[in-house]
Amino acid sequence: STFDPLLTPADDSAAVTLTQDDLKRIAAYKAVEYVESGMVVGLGTGSTAKHAVSRISELLREGKLRDIIGIPTSTTTHVQAISLGIPLSDLDSHPVVDLSIDGADEVDPALNLVKGRGGSLLREKMVEGASKKFVVIVDESKLVKHIGGSGLAVPVEVVPFCCNFTRGKLEELFRGAGCKAKLRVKVGSGGGETAAVTDNGNYVVDLYLERDIGDLDAASEAILRLPGVVEHGMFLGMATTLIVAGKFGVTVKDR
Ligand code: 5RP
């Protein structure tokens, strides 16, 4: 399919001048077409998902959507949605989510994902795992042949207790794939480094793999078996629809 003229700049030269953020917005707006009045909607996290959240609020304000309940996947999205007046709830009150919309760091041809480079993987996996439909929105730069093989990180949320022990165990687990496991840090205003803390008070270990991780289900199970691990950022078999915006149009793929 082609760009929706409502969503793209009127200018004919748009196809060559679209920025990566334009592509994220186009994918996000397309996904919001799946949202219907009365739905419980999982609100993703990141620079792509934030466009979906603002589009939902716009349609609510215009009266084109009604009675939406949003389930945010991070404190950042919670703050954004509150500031835009979207009514919110959580999985305790709404254990079944009709539809979630979220970005991803990597997507393979079977719609397996890597998520969590923004650090929100646990809440994202809980909300998106509780969703009847999970629409993933990306610009074309996120498409890969094999997840975890692009030289970028596969994030793992770990408890702070002896996190270096857990980091070492994770590195050992994927030694065959040339794994380097690094504790994610943030740099303070004085230049000092401290562990990056998730919304859940945990830390993140990023797995950098030189080679393909192999059987994804086996890798997932092995990571989750390690005491100290809370969750990992491989979302296997969860996405139901993928929307990709590229310089030459939008494609929609259902699993
Ligand atoms: C946050 C995520 C994000 O969805 C992922 O990092 C993609 O982010 P962006 O849309 O900013 O590229 O998983 O934990």
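This is a predicted model: local features need pLDDT of at least 70, side-chain atom pairs count only at pLDDT 80 or more; totals for chains, interfaces and linings use all residues.

Visitor: Okay, how many bridges join β5 to β13?

Guide: Two bridges link β5, residues 113-114, to β13, and these strands run antiparallel.

Visitor: And what's the strand order in that sheet?

Guide: The order is β4-β5-β13, an open sheet of three strands with antiparallel pairing.

Visitor: Which ones are the edge strands?

Guide: Those are β4 (106-107) and β13 (234-235), each of which pairs on one side only.

Visitor: Switching to helices. At what angle do the axes of α3 and α4 cross?

Guide: Roughly 25°, and the axes of α3 (residues 49-61) and α4 (residues 75-83) come within 10 Å. Angles under 35 degrees count as roughly parallel, so α3 is roughly parallel to α4.

Visitor: Left-handed or right-handed crossing?

Guide: Right-handed, as α3 passes α4.

Visitor: Which residues make the contact?

Guide: From α3 you have A49, K50 and V53, and from α4 there are T77, Q80 and A81. By type, the contact of α3 with α4 has three nonpolar residues, two polar and one charged.

Visitor: Now the ligand. Which residues come nearest?

Guide: G46, S47, T48, G103 and G118 come nearest, out of 18 residues around the ligand.

Visitor: How does that shell divide into nonpolar, polar and charged?

Guide: The shell around the ligand has 10 polar residues, five charged and three nonpolar.

Definitions and conventions
Residues are numbered from 1 along each chain as its sequence is written. Axes are lines fitted to C-alpha atoms, for helices over the stretch in contact, and angles run from 0 to 180 degrees between N-to-C directions. Helices (H or I, at least four residues) and strands (E, at least two) are DSSP runs, numbered from the N terminus. Angles under 35 degrees count as roughly parallel, over 145 as roughly antiparallel, 65 to 115 as roughly perpendicular and the rest as oblique. A crossing is left-handed if the near helix is turned anticlockwise from the far one by less than a right angle, and right-handed if clockwise. Two residues are in contact if their C-beta atoms, placed from the backbone, lie within 7 Å. Ala, Val, Leu, Ile, Met, Phe, Trp, Tyr, Cys and Pro count as nonpolar, Asp, Glu, Lys and Arg as charged, and the others, Gly among them, as polar. A residue is near a molecule or strand if its C-beta atom, placed from the backbone, lies within 6 Å of it. Two strands pair if DSSP finds at least two bridges between them.
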